[in-house]
Amino acid sequence: MSVDFLPKLTGCFAMPAAENPTVAMVEAAYRHHNIHARYITCEVAPAALGDAVRGAKAMGWIGFNCSLPHKVAVIDHLDGLGDSAAVIGAVNTIVRRDDRWIGENTDGRGFVEALRAVVDPAGKRIVMFGAGGAARAVAVELALAGASRITVVNRSRDRAAPLVTLLNEKTKAKAELVEWPRAYRVPEDADIVVNATSIGLFPNVDGRPDIDLGSLLPSMIAADLIPNPPRTVFLKEAAARGCRTLDGLGMLVNQGVIGIRYWTGVDVDPVVMRKALADVLGV
Ligand code: NDP
């Protein structure tokens with residue numbers, strides 16, 4: 001019998017790292033598809049990032065994820081960037097191609113892939129709450145997927161202005177900035193309303209974006225990036241007003257699917273990953 005005790009190595013560098021659930025869904029997919037690989041969650045301090053990347057290369061890792069606080073800093077340790085990672089200016093998935101480390105960004109792509117199961121974003125008018133790292137990735141991918149208008153609604157102008165400039169300069173979408181007023185009214189012609197803030201994330205599960213709920217219409221799709229809990233107050237209120245909804249677990253799962261495709265070439269089953277994630281999160 002031929003044996004192989006040497007799995008392909010993948011993983012995640014983050015700090016803090018202990019509450020990152022990605023390992024559960026990725027290793028569930030590896031097991032389900034008989035992929036001889038492991039996914040190791042590593043807590044890496046910012047000052048040690050370069051050593052960690054060189055260590056992964058020395059050990060023959062096939063790729064890894066970077067989470068906070070490394071998504072921008074890791075770029076200095078890579079050999080190249082994929083197209084959307086270059087526009088976004090941040091990386092969350094590193095792929096070894098030949099002997100080069102290439103940085104990709106799957107945050108936004110995971111969202112768009114999950115969204116496509118409900119609607120094609122091409123030509124759609126988007127209202128997006130938030131302008132942080134996740135919002136930036138999602139907005140760029142929506143624009144690259146052909147969204148026609150992106151209204152960025154954010155508390156601080158400082159964070160939103162560079163995102164709106166980036167979208168207008170680097171993509172074909174028309175972007176505009178709204179400094180978040182109290183009880184924001186979603187424009188009637190909006191097609192997709194996205195919560196890309198951290199409002200509603202565990203343990204602050206009662207939080208919801210400050211919007212006039214009466215302005216949510218059944219013609220709209222409401223999407224939330226918050227993975228835990230997947231059914232946020234925002235999504236519950238939107239569903240009660242007839243909107244179709246999309247939760248943050250779909251985005252997380254699709255990022256995993258894309259990452260594993262990059263690393264192994266295998267298209268894994270998102271249902272297996274979603275179940276593993278829901279099991280560990282207890283949702
Ligand atoms: P950041 O810290 O970079 O950005 C947070 C954003 O939320 C900012 O726009 C901030 O506004 C806004 N915000 C936070 N609190 C409030 C508040 N009380 N009122 C108004 N605005 C507020 O975070 P990330 O972009 O990295 O992540 C955002 C969320 O996306 C997180 O909850 C994360 O869980 C989720 N996420 C989900 C993923 C998935 O796969 N499902 C992947 C990545 C992230 P301001 O600029 O004014 O501070």
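I started with the strands: strand 5 and strand 6 (residues 100-104) pair in the antiparallel sense over five bridges. Here strands are DSSP runs of E with at least two residues, helices are runs of H or I with at least four, and both are numbered from the N terminus. Two strands pair if DSSP finds at least two bridges between them.

This is a predicted model, where local features need pLDDT of at least 70 and side-chain atom pairs count only at pLDDT 80 or more, while totals for chains, interfaces and linings use all residues. Residues are numbered from 1 along each chain as its sequence is written, and side-chain values use heavy atoms, with hydrogens and water left out.

Next I looked up the turn. Strand 5 and strand 6 form a hairpin with two residues between them, and D98 in the turn has a positive phi of about 55°. I also found R96 opposite W101 in strand 6.

Then I checked strand 3 (residues 63-66), which runs antiparallel to strand 5 (residues 93-97) and is joined to strand 5 by three bridges. N65 has T93 of strand 5 as its bridge partner.

On to the helices. The axes (lines fitted to C-alpha atoms over the stretch in contact, with angles from 0 to 180 degrees between N-to-C directions) of helix 8 (residues 248-264) and helix 9 (residues 270-281) come within 9 Å and cross at roughly 125°. That makes helix 8 oblique to helix 9 (under 35 degrees is roughly parallel, over 145 roughly antiparallel, 65 to 115 roughly perpendicular, the rest oblique).
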